[in-house]
Amino acid sequence: MEKSEKIWMDGKMVPWHEANVHVLTHTLHYGFGVFEGIRCYSSKDNGSSIFRLQEHIDRLFQSAVILGIEIPFSNKEIYNATLDVVRQNKLEECYIRPIVFLGDNKMGLNPKGVDVRCAIAAWPWGTYLGEDGLDKGIRVRLSSFTRHHVNVTMTKAKACGYYINSIMAKAEAVRDGYDEAILLDPSGYVSEGSGENIFIYSKGKFHTPSLSSSNLDGITRNAVIEICHDLGIGLEERTITRDELYIAEEIFLSGTAAEITPVREVDNRVIGLGKKGPITDQIQKTFFEVVRGDNPNFQKWLTKV
C-alpha cells in the first residue's frame, strides 16, 4: 500500500501513522461496522473528480440504518470530509475508504452504548485485478462458498463482517490458480464475485443477477445498466444459473475496485473467444470515458475535487 499523508478521523485530520485504534475496538472483534469504496479519477482537461460520491455516501448511511448504527456526522459532513481528504493529500487519482465502526469503550454482543467512530482514508491504488486483466480478461471459478442468505446477513448493507465470506472465496480461488471467485446464492443461482457484480452477454443482450440474488446493489453495477441504456444495448436483470456462465458469449465483472474487468475463463471453460469481447470492450471504453469526464451524458456522476 502506498501511504498518503493524512486520514480524516472523528472530525479532524490526523497524520497517517497516528490514525490508530485500540486493540479492544469493538468492530475489530465482532465485525460490526459499515464502509464504502470510492474512486477518484483525473482527466486531461477537468482536473480530478470523484465518481458518484453522493451515491456512495448515501449507501454508507443506508448500510448504517440497516445495521442500526447512528452515524455521529451528517451526510453532508461525510461528503465534505471525503473531498477534503483527497485535497489535503494532493491526490490526483486514488481509492477512498470511508468506514464507520464501533469503539473500545464496551465489549459484548450488545452494541448499545458503544462509541460510534468514523474515518476516511485515501491512497493511490491501481487496477484491482491487474492491468493485464482489464485488457485480456481474468480466470474465475465457482466458489465452494455460498453467498449470504438475505435474512442471515442483510445483503444490501456493505458491512465489515460480511466480507469474511468474500475473503474465503477469494483466497480459495487464488490458491487454486484463479484470479477471482464467483459465488452462488443459497438457492443455487449466480450471485456475484467476491467483491464485484457480474454481467453476461448472451442472445443479443446483457444479463445480470437481480437484486434478490443475495448480491450488493453495486453503484458501478447501476452505472453499467445506465450506460447500456444510453448505448442502446439490451439488458435484463433476472436469476442466472451456473451453466449459463459456461455458455455465455461474454462476461465481465464490475465494481469500484475492479472497474470493468472481462472474464475469459470460468471453471476452465473458455468464454467466447477467450479474450475481452467486443460488447464488453464497448462498455469498458465508455465507462473510462465517463469517469475521466470525456462523456457529456454522465457529467452528473462526477464531483470535482
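Let me start with Lys90, which lies in the loop between helix H3 (75–88) and strand E6 (94–102). In this model, which is a predicted one, Lys90 has a positive phi of about 55° although it is not a glycine, and with a relative accessible area of 71% Lys90 is exposed. Arg52 belongs to the loop between strand E5 (47–51) and helix H2 (53–67). Is Arg52 buried or exposed? Its relative accessible area is 5%, and because the cut-off for buried is under 20%, Arg52 counts as buried.

Let me turn to the nonpolar cores. The largest of them has 30 residues, and the members that touch the most other members are Trp8, Ile50, Ile71, Ile78 and Ile96. Strand E4 (38–43), H2, H3, E6 and strand E7 (116–123) each supply at least two residues of this core. If you select Ile50 on the screen and leave aside residues up to four places away in sequence, you will find that Ile50 touches, among others, Ile38, Cys40, Leu83, Val86, Ile96, Trp301 and Leu302, and that Arg39, Thr82 and Thr303 are also including in its contacts. Apart from this core lies another, of 24 residues, among them Leu235, Phe252, Val290 and Val291. As general background, nonpolar side chains in soluble globular proteins tend to be buried together.

Now the aromatic rings, for which the count comes to 13 pairs. One of these is formed by Trp8 and Phe73, an edge-to-face pair with 5.0 Å centre to centre and 65° between the planes. What does this pair link? It joins distant parts of the chain, since Trp8 is in strand E1 (residues 6–9) and Phe73 is in the loop between H2 and H3, 65 residues apart. Both partners are buried, Trp8 at 7% relative accessibility and Phe73 with a relative accessible area of 18%. Another pair, Trp123 and Trp125, is tilted, with 6.1 Å centre to centre and 35° between the planes; here Trp123 is buried at 10%, whereas Trp125 is partly exposed at 36%. There is also an aromatic cluster made up of Phe51, Phe287, Phe288, Phe298 and Trp301.

The charged end of Arg139 sits over the ring of Tyr178, 4.6 Å from its centre, and that of Arg269 sits over the ring of Tyr246, 3.9 Å from its centre.

I will finish with helix H5 (residues 163–175). Its 13 residues should span 18 Å at 1.5 Å a residue, and the end C-alpha atoms are 18 Å apart, which agrees. Which residues of H5 are buried? They are Asn165, Ser166, Ala169, Lys170, Glu172 and Ala173, and seen down the axis of H5 these buried residues fall within an arc of 160°, so they line one face of the helix. That buried face packs against strand E8 (138–146) and strand E9 (180–184), while on the other side of H5 the exposed residues are Ile164, Ile167 and Arg175. Just after H5, Gly177 takes a positive phi of about 95°.

Key
Residues numbered from 1 in each chain as written. Predicted model: local features only at pLDDT ≥ 70, side-chain atom pairs only at ≥ 80, totals over all residues. Heavy atoms only, no water. Helix = DSSP H or I, 4+ residues; strand = E, 2+ residues; numbered from the N terminus. Buried < 20%, exposed > 50% of the residue type's maximum accessible area, 1.4 Å probe, protein only. Phe/Tyr/Trp six-rings, centres within 6.5 Å; stacked < 30°, edge-to-face > 60°. Lys NZ or Arg CZ within 6 Å of the ring centre and 35° of its normal. Expected span 1.5 Å × (residues − 1). Arc of directions from axis to C-beta. Contact = heavy atoms within 4.5 Å. Core = buried A, V, L, I, M, F, W, Y, C linked by side-chain atoms within 4.5 Å.
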